[in-house]
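Here is a short report on one protein chain. It moves from overall figures to single residues and pairs.

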Amino acid sequence: MADKIIVRDLEVRSVLGNDSWERRRPQPLLITVEIHTSISSAGKTDRVTESVHYGIACKRVTAFAESAHGLQSLEAFAEGVVHACLGVTHRALAVYALVRKPRALLHAEYAGVEIFRTRREALGSWGDAGGAQCDAEDDADDVAVAAERAAAEAAAGPLGDEDRIVVKKLTLSTIIGVNLWERHYKQVVELGLTLHIAKAPAMRGAHDSVPRYRNFRTVVDAVTEMVEKTSYRTVEALATAIARTAVKQCRVPKITVRVEKPSALVFAACSAVEITRSAADFSGLGTSNAPTPLLISTPTTPAAADAAVAAGATATGDATTEPAMHAAYIALGTNVGDRLANLHQALVRLNTDLPASRLVETSFLYETAPMYFVDQRPFLNAACLVRTELEPLALLGELKRIEAEMGRDFSTCRNGPRVIDLDILFYDELVMQTERLTIPHALLHERRFQLGPLCDIDRDLMHHRLGKTSGALFRHLTTHNAVPDDI
């Protein structure tokens with residue numbers, strides 16, 4: 001039985017992330033919820049006590065939305081809406097929530113998120129939901145409860161496995177078409193973007209409690225820049241290019257792209273193409289358009305130079321054919337002794353002495369003033385990409401071993417002088433937090449000396465806790481924060 005109590009387009013005011021002008025201001029939100037329950041008893045008896053009070057549901061959702069919840073993402077906010085609805089009655093089996101931000105983007109109708117959560121997913125157990133007590137002696141009651149729960153789970157449909165971030169009617173101008181007049185004038189296209197985000201497994205240990213989300217604004221910015229600079233002849237090619245940009249540049253695992261041409265047909269509202277693409281559809285393409293600078297010393301002979309180029313090409317090629325290898329982005333820093341020699345030695349060790357791992361890319365070198373503890377020598381900093389089979393904590397242990405073998409004294413001030421410092425900045429797209437290790441690195445967003453080198457390798461890496469790319473974080477530090485330009 002798939003009964004629903006529905007509240008559509010409840011308007012609330014809330015401070016949630018930034019508005020279309022990148023300001024933290026109260027914004028209007030439109031909330032639609034469907035509370036999946038059984039209305040059999042209320043339908044038979046017509047008693048208010050047996051019904052789900054949608055007025056109370058509205059009040060609870062509104063109270064949550066307008067509270068000082070401190071959330072930044074639509075995903076986290078939608079989870080809060082689900083919990084508010086489940087708290088209305090123990091008979092609520094599941095909740096579908098659609099949260100829209102009409103003022104999120106300058107050139108789009110709205111950005112929103114769709115999620116579906118069963119009571120067991122959201123709260124960890126069914127409790128006594130289902131219209132009958134879980135400890136009922138009557139087998140018929142048990143069967144009825146099981147059937148209602150199964151119906152609630154089935155009602156999720158595709159949202160049983162994924163959450164969706166939606167950008168509706170993103171209006172842009174571009175050259176599109178084959179006719180002569182279409183090649184001379186830009187015309188309006190309206191884009192619909194749906195980001196399909198797989199749900200996290202129910203039990204993942206310590207990683208579960210860490211907030212993780214994707215910033216739709218990053219995807220929209222990348223797509224907007226690409227569309228307005230291109231001049232495709234077919235809508236199919238434009239839709240494919242948009243999907244490729246989202247998947248390869250912004251690392252969206254799966255996206256549905258709808259491209260509409262309102263001016264294409266005289267007697268129709270529009271012509272349109274809709275496609276769905278995932279990373280597998282673009283697996284033959286590189287992951288970054290950025291050049292690959294080298295930190296290793298330049299060979300002194302033509303033969304050595306040719307060998308180094310060949311080795312670099314092999315390493316890059318291998319990286320795309322071994323999906324089992326993890327991508328670990330590691331920051332390097334030193335301000336004791338021969339700093340350049342320290343960095344070179346650390347890179348050699350990462351390439352030869354790190355079990356089941358190899359060095360793939362490196363950044364340029366940066367000299368920076370010390371941070372936190374300023375009474376010390378300037379640092380040389382760099383970053384590198386390592387492909388590894390090691391799990392995060394095992395990798396951390398190996399990095400500490402290398403630091404110790406190179407002579408780092410762990411008994412001194414944590415931010416004081418050191419022969420070598422090796423920090424894990426990113427590990428695939430993992431978000432985790434333990435006593436020993438936080439990924440992405442907990443202080444990355446405030447450190448130009450780590451963000452600068454990281455952007456040399458890949459400025460499109462997504463910081464899933466903050467919802468911004470490494471390039472956006474670096475740009476924010478250099479333009480908005482009072483951070484000295486001392487690199």
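Partly exposed, in this report, means a relative accessible area between the two cut-offs: buried is under 20% and exposed is over 50%. Glu405, at 44% relative accessibility, therefore counts as partly exposed. The model is predicted.

**Overall picture**

The protein has 487 residues, and 49% of them are buried. Its secondary structure comes to 12 helices and 18 strands. Among contacts with a separation of 6 or more, 68% join residues 24 or more positions apart.

Mean pLDDT is 82, and 82% of the residues reach 70 or more. Over residues 131–137 the pLDDT is below 50; this stretch has 10 contacts in the model beyond near neighbours in sequence. Residues 202–209 also have pLDDT below 50, with nine contacts beyond near neighbours in sequence.

**Cores and buried residues**

The largest nonpolar core holds 67 residues. Within it, Val81 and Ile242 touch the most other members. Beyond four places in sequence, Ile242 is in contact with Leu191, Leu193, Val223, Met226, Val227, Val257 and Val259. Another core, of 26 residues, lies apart; Ala328, Leu350, Ile420 and Leu422 are among its members.

Val220 sits in helix α6 (residues 216–229). Is Val220 buried or exposed? Its relative accessible area is 5%, so Val220 is buried. Not counting residues up to four places away, Val220 touches Leu105, Val167 and Leu170. The C-alpha atoms of Val220 and His107 are 9.8 Å apart, while the two residues are 113 apart in sequence.

Thr118 belongs to strand β4 (residues 110–118). Thr118 is buried as well, at 5% relative accessibility. Leaving aside neighbours within four places, its contacts are Leu93, Ala94, Trp126 and Glu153.

**Salt bridges**

Side chains of opposite charge can pair when their charged atoms come close. The count here is 24 salt bridges.

| Residue | Partner | Closest N and O atoms |
|---|---|---|
| Glu109 | Lys169 | 4.0 Å |
| Arg251 | Asp458 | 2.5 Å |
| Glu405 | Arg401 | 3.2 Å |

Glu109 and Lys169 form a salt bridge. The pair links distant parts of the chain, 60 residues apart: Glu109 is in the loop between β3 (94–101) and β4, and Lys169 is in strand β5 (residues 162–176). Glu109 is partly exposed at 38%. Lys169 is partly exposed at 36%.

Arg251 and Asp458 form another salt bridge. This pair also links distant parts of the chain: Arg251 lies in the loop between α7 (235–249) and β8 (254–261), and Asp458 lies in helix α11 (residues 448–458), 207 residues away. Both Arg251 and Asp458 are buried.

Glu405 and Arg401 share helix α10 (residues 392–405), four residues apart, about one turn of the helix. Arg401 is partly exposed, at 26% relative accessibility. Both residues belong to a network of salt bridges that links Arg349, Asp353, Glu398, Arg401 and Glu405.

**Surface patch**

Which residues make the nonpolar surface patch of about 320 Å²? They are Met371, Tyr372, Phe373 and Leu443. Tyr372 lies in the loop between β12 (366–368) and β13 (379–388). Tyr372 is partly exposed, with a relative accessible area of 39%.

Note on methods: Residues numbered from 1 in each chain as written. Predicted model: local features only at pLDDT ≥ 70, side-chain atom pairs only at ≥ 80, totals over all residues. Heavy atoms only, no water. Helix = DSSP H or I, 4+ residues; strand = E, 2+ residues; numbered from the N terminus. Buried < 20%, exposed > 50% of the residue type's maximum accessible area, 1.4 Å probe, protein only. Contact = heavy atoms within 4.5 Å. pLDDT = per-residue confidence, 0-100. Patch = residues over 30% accessible without salt bridge, like charges linked within 9 Å, V, L, I, M, F, W, Y side chains within 5 Å. Areas by Shrake-Rupley, 256 points an atom, 1.4 Å probe, with all protein chains shown as cover. Salt bridge = Lys/Arg side-chain N within 4 Å of Asp/Glu carboxyl O. Core = buried A, V, L, I, M, F, W, Y, C linked by side-chain atoms within 4.5 Å.
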